[in-house]
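Please examine the sequence and the structure shown below.

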Amino acid sequence: WIIDPLDGTANFARGDVNFSISIALVEKGKPLLGVIFAPISSRLFWATIYDNYAYWNGRKIRVSQVGDLGQAVVCSDWSHILETRDQTTDFLKKVYGHVRQIKILGSAATDLTLLARGGVDIYHHVRLFPWDVAAAGLIAQKAGALVSDIDENPWNVFSKSILAANPVLHRELFKL
């Protein structure tokens with residue numbers, strides 16, 4: 001079991017509602033079950049490896065179908081490890097002139113559920129820990145996202161970075 005009792009700690013500490021509780025059951029680096037609960041909004045997201053869908057409060061969800069990078073909304077985040085922030089800045093410099101909007105919201109687990117339900121089109125983060133994304137990575141995949149690390153390697157819960165998007169946008173990002 002990989003549990004993050006408070007993903008988005010800085011948000012929580014400052015009264016921002018973008019935080020969640022994340023629980024995943026993992027075997028050999030692959031999540032079997034992922035559950036994210038955002039307590040302020042009562043949003044419950046979940047997925048299992050055995051089902052073809054992800055769910056939000058019991059309803060099936062899918063990533064957006066935006067196929068044009070120029071219409072894409074990107075969500076990224078700053079690592080709390082200051083030495084890695086240049087990598088995020090480099091990514092943002094590469095994409096900012098090609099996308100519609102960039103958001104930085106502060107909770108990897110919650111932000112990936114936003115991607116899974118089509119609220120943003122791309123999610124990027126360069127320095128993560130398993131508790132940040134074990135559950136949300138599975139939810140994003142089951143909602144139709146392609147999920148890799150930032151070097152286009154297959155993602156698992158021990159990957160240090162994540163890039164998730166619908167299949168069309170995921171390919172377009174690596175062309176940049």
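At what angle do helix H3 and helix H4 pack, and how far apart are their axes? The model is predicted, with local features needing pLDDT of at least 70 and side-chain atom pairs counting only at pLDDT 80 or more, while totals for chains, interfaces and linings use all residues. Residues are numbered from 1 along each chain as its sequence is written, and side-chain values use heavy atoms, with hydrogens and water left out.

H3 and H4 pack at an angle of about 5°, and their axes are 8 Å apart. This makes H3 roughly parallel to H4 (angles under 35 degrees count as such). The residues that meet, having heavy atoms within 4.5 Å, are listed here.

| Helix | Range | Residues in the contact |
|---|---|---|
| H3 | residues 108-116 | Ala108, Ala109, Leu112, Leu115, Ala116 |
| H4 | residues 130-142 | Asp132, Val133, Ala136, Gly137, Ile139, Ala140 |

By class, this contact of H3 with H4 comprises nine nonpolar residues, one polar and one charged.

Ser20 belongs to strand S2 (residues 20-27). Ser20 counts as buried, because its relative accessibility is 0%. Its side chain is joined to that of Thr110 by a polar contact of 2.8 Å (a pair of N or O atoms within 3.5 Å, one able to donate a hydrogen and the other to accept it).

Key: Axes are lines fitted to C-alpha atoms, for helices over the stretch in contact, and angles run from 0 to 180 degrees between N-to-C directions. Helices (H or I, at least four residues) and strands (E, at least two) are DSSP runs, numbered from the N terminus. Angles under 35 degrees count as roughly parallel, over 145 as roughly antiparallel, 65 to 115 as roughly perpendicular and the rest as oblique. Ala, Val, Leu, Ile, Met, Phe, Trp, Tyr, Cys and Pro count as nonpolar, Asp, Glu, Lys and Arg as charged, and the others, Gly among them, as polar. Buried means under 20% relative accessible area, exposed over 50%, partly exposed in between (1.4 Å probe, protein chains only).
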